[in-house]
Each structure stands twice: as structure tokens, then as C-alpha cells.
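Let's take a walk through a protein together, one stop at a time. Keep the picture open beside you and turn it as you read.

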Amino acid sequence: MKQDFRRSMGWLHTWAGVVLGSILFAIFWMGTLSVFDSEIDQWMKPATRIAPAHNILPLESFRSSLDEAIAAKASFWNVTLPSDRDAVFHTRYGTRKKMISRDIDPVTGRTLPDSGTLGATGFIFPFHYTLNIELMNLGEWIVGMASMAMLVLCVTGVIIHRKIFAEFFTFRPRAKPRRMLLDLHNLSGVLGLPFHIFLTFSGLVILGATYFPAGVNSIYPNTRVYFFESNGLSFLSVKHGKPGAPVISLDETAARARLLWGGETPHLVLVANPGMTTSRIAFFRGNEKQVVIDRDVIAFNGSTGEFLSRSSHLTPIMRSQRFLNGLHLIEFHHWVLRWIYFLLGLGSCVLIATGFLFWMESRRKKQEKQIGFRLVEAIASGSITGIILATLGFLIANRLLPSDAHLLGLERSALEVQVFYFLWLATFLHGWVRPRQVWFGQSAAIALLAFTAVILNWITTGDHPLRTLTHRYLWPVAGMDIVLLAGGALGLLIAVFLFRRARNGVVAMRSAGERRA
């Protein structure tokens, strides 16, 4: 403890941010991108850039895909219906060896060319809460630890800033770098404080079963049963069954589900244990029009069509949890709120980045040559500009790699991910080897890669911002290109600012030397 409570909180705020800031930036950066994961997928999968269909195919059109899953002895098969954010059908089934997924044209039923990418839904979103570390749920535990640190940072930040409301209106862009960074840190922190706290807390609630397994184990025999019951999937708690049972008409059971929902159409259709006597057909209602993720699921016996269950009733505690889940996952479709989430997420990234930079600016003169300072700067550069560069590299690899790319036993989707990690690691090394030039160099590289991604999208698909803006169904692609151009322009401005600052510093040093001489 320091001399008083406020200074103690200042010490805790500083070192919690320095130690876990890099992880927090990665979590918030990937979470911010996940706000538009479907739109990023459309950019990365050009074949899915099609106009929405007014009359979509009946579910029985996918009978051949279901039969294929039965022949492969898949444990499940599902189809996701088109929505206003995603215009195509997606079929998926899983075997013990691999997962098979396909994109289907909603009008013709034609299987669209496979882009060979995980996209945002397959890589960026899972990275947000697992860091892609699956061993013993270690990634989720690290995310949980960092999230607790974020709550500590929010509370201690309020304590150490006495004039918190005055700082809401204080930003001096022409002040010295240290003062400017602190103003920007305070402004982004105060402006987005409710967002920082609520999103962090709700994320912890979503992964609560991982962090507090004792509560689950005291009531349920295993986590699988808990997962089924808490998500309205109790109908799946059946034995494997015997093969040879047919699956009844999907359209007939869908009509019965729509009748129970008052005419609403399902968002997802799941067939569990397809071809088995214990098969189940479940229809999931979408959550586009509400915040609460109620998991309204209607289930039928897959071979007889017998109605089994409808999980629409939620206890008050479960409804509160689903409300928190809905606020965090934003499955509801509201474009204004989605953009607000995106901008506030970027504000969280600015908060973390400026905290790192302020810490270094306040110690640079005295500690610049110390190993500890150089290590923090290398970590900070890789964590801030580095992960942005890695993400841009991920997008560029998506545009450059051929559809049948293979290297060292890795398929195209895995190669894109390896490009991401290779560039990310390179930025950490760059920060260690060239600490004086790292921020200018990586800011300039961000500008270059962002502009390159837009140009490559134009060259490889023919879709450029002027064209995509004139076609409503291509607005997600236009938005992606515009954000890339804005990010590239911002990176270029920062690079120019740092270059001028370094040049003025050199001139000042020479002038001082000449005066001494």
C-alpha cells in the first residue's frame, strides 16, 4: 500500500494495465471486429455477395445434403436460413474426422464456390473469447483473468481521477505528447465507461460455467447436461439409437413450428442423430427483433414427427442472464446500435493503447535504455499496431492465396491464420530490435496494408467502393472497404505526425549542440 488509498489505486491501475493490457487489447480488438463478423465474411467470401431473395428455397431442397450427412454417419446436420445480414443458406454437418460446411444460393440451390477461409465467424470471433488456446480451456481462463483486470482498471480509474467530469470535455491535441495521450486516455475512458464495465461483466457472465464449475457440478451430472438444459436443448439428451430410420419432411415440421410461433420463420434447423431411431428435428427462432436471447426452440421426433418440447419459458434469473448475453453478443439487428457498439469498441482499444503509450512517454527519458522498458515497448507495439497489422495481413492473404492453396500439409484456411500469427510475431520482434522507429514504421505499414487490401479486393472481384455503394446488397463490402480506407488514412496521418516529431527533435538537438559549441 502507498501513502494513501488514492495512490494505492493509482499503483494498481498502472500495473494491472501494463501487465494485462496486451491481452485486453487483443480481446477488445477482435470483439470490435466481431460486431460485423457477417459483413467481414461477405468481404472474405466473394461468392456470397448475392442479392437477397424474395422467395427462398423450401427446406426439402436440402434433402440431398441431409442424406449425405446420414451416409457419413454425422452426429448432426443443420441449415441456417438467410437473413438481412447474410443472404445465403449455410449447411453444415460434422463427423468424427471433420466438419463439412457449404454455402447455398437461396434461389437456385447451387452450391457456391468454397472460398477456403474461416472468415470472421470462424477465426476472429472465437479468438475474441478463447485466444485460440483450446488446451484445458486455457484461453477462456486467460480472457477471464484479463476481464477481471479490466473491471479493476475501470474502478481504479474512477478513483484516481478526481475531476472525471471535467476530463470528459478536455482534449488538447496540440499539447505535448504525454499530456495529449493522457487527455485522450481520460476522454475515451470516461465516454465509454458504462460500455467498458457492462461488456466486460457480461462477458464474464457468459463464460461463468467455465470459471465456476462447482455450481454446475453440484446440480448437474456433467457440463453437457447443464449446457443442454440452460440452452433449451434437453431433447438432445438421448442415446445414439439404431440406424436406418428415415427423417420426415422438413417443410411439414417447419410449418408446424411456424404455427406455434405465430407465423415467424426459423433461423436455424437442426437434425440431431440423422438417420437414427433417436433423431430429433429442432427449429430455432431468430433473435433479430429482441435483445434477450431466449433460445425459443421447438423440437420434434425426427422419424415420427411427434412434438417433443418447446423451450420458451425462462425463469427470472435465466432471463437476466440471457439479457446480458444478448447485450454482449448483439444478435438483434439494429444498424445504428451495431455501429455504436463498433465505435465504442474502438474507443476501448484507444483507451488501452493510450494507457500503454502514456506509461512509456512518462518513463522514456529515464528508462529508455533499460531492458524492462524495451520489453514493455516491444510488447506494446506488437499488442497495439502489431495485431492490427496481423489482421490486415489475414485479409490480404485471403485475397492473394489461390482457392486450392496447400503448403506443408496446411490447407488454405490454415495458411491465412498462419500469416496472421507470423506477422503478429514479426511486429513484436520489430519492436524489440528497432524501438525508436517501431511506431512510425508500423503505422506506415498499417496504411500500406489497408490500402492494399482495398485494391486487391477491387482487382480480384471487381468490387470497388463506387460500385458497391450503388448496390444495396453490396453495402457490407462497401462498408468494409471504407473502414479500411479510413484506417489506412489514420495510419498515414499518425506516421506523418511521428516523422515530423522525430525530425523536429533531431533539428532541436543539432541546434542545442551548435549553441553549446
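Helices (H or I, at least four residues) and strands (E, at least two) are DSSP runs, numbered from the N terminus. Two strands count as paired if DSSP finds at least two bridges between them. Look for phenylalanine 300, whose bridge partner in β7 is phenylalanine 307. Together β6 and β7 make a hairpin with 5 residues between them, and in the turn glycine 305 has a positive phi of about 80 degrees.

Before we go on, a quick word on what you're looking at. This is a predicted model, with residues numbered from 1 along each chain as its sequence is written. Local features need pLDDT of at least 70 and side-chain atom pairs count only at pLDDT 80 or more, while totals for chains, interfaces and linings use all residues, and side-chain values use heavy atoms, leaving out hydrogens and water.

β1 and β2 run antiparallel and are joined by 5 bridges, with asparagine 78 standing opposite arginine 92 in β2. On to the next pairing: β2 and β3 are also antiparallel, over 6 bridges. Here histidine 90 stands opposite aspartate 103 in β3, and a hairpin of 4 residues joins β2 to β3. How enclosed is β2? Because 5 of its 6 residues are buried, β2 is largely enclosed by the rest of the structure. Buried means under 20% relative accessible area, exposed means over 50%, and partly exposed is in between (1.4 Å probe, protein chains only). As a handy rule, side chains in a regular strand alternate between the two faces of the sheet.

The structure holds 12 salt bridges, each one a side-chain nitrogen of Lys or Arg within 4 Å of a carboxyl oxygen of Asp or Glu. One of them pairs glutamate 39 with arginine 85, with the closest N and O atoms 2.7 Å apart. This pair ties together distant parts of the chain: glutamate 39 sits in helix α2 and arginine 85 in the loop between β1 (76–80) and β2 (89–94), 46 residues apart. Are these two residues buried or exposed? Both glutamate 39 and arginine 85 are buried.

Another salt bridge joins the side chains of glutamate 68 and arginine 102 (3.0 Å, N to O). This pair also links distant parts of the chain, with glutamate 68 in helix α3 (residues 63–71) and arginine 102 in strand β3 (residues 99–104), 34 residues apart. With a relative accessible area of 31%, glutamate 68 is partly exposed, and arginine 102 is partly exposed at 28%. Then there's arginine 285, which forms a salt bridge with aspartate 294 at 2.7 Å between the closest N and O atoms; both of these residues are buried. Arg285 and Asp294 belong to a network of salt bridges that also links Asp296 and Arg310.

Go back to helix α2 (residues 37–44) and you'll find glutamine 42 there. Glutamine 42 counts as buried because its relative accessibility is 8%. A polar atom of its side chain lies 3.2 Å from the backbone oxygen of tyrosine 473. Not counting residues up to four places away in sequence, glutamine 42 touches Thr48, Arg49, Arg85, Tyr473, Pro476 and Val477, where a contact means heavy atoms within 4.5 Å.

Helix α16 (residues 371–400) is our next stop, and alanine 380 is in it. Why does alanine 380 count as buried? Its relative accessibility is 0%, so alanine 380 is buried. Leaving aside neighbours within four places in sequence, alanine 380 is in contact with Phe356, Met360 and Trp439. Alanine 380 and serine 22 are 358 residues apart in sequence, yet 6.5 Å apart in space, C-alpha to C-alpha.

Let's finish with some loops. Leucine 135 lies in the loop between α4 (119–130) and α5 (138–160), and leucine 135 is exposed because its relative accessible area is 61%. Asparagine 137 is in the loop between α4 and α5, and its phi is near 55 degrees, a positive value in a residue other than glycine. Leucine 408, in the loop between α16 and α17 (412–433), has a positive phi near 55 degrees. At 81% relative accessibility, leucine 408 counts as exposed.

How values were computed. Polar contact = N/O pair within 3.5 Å; in protein donor to acceptor, adjacent residues only side chain to side chain.
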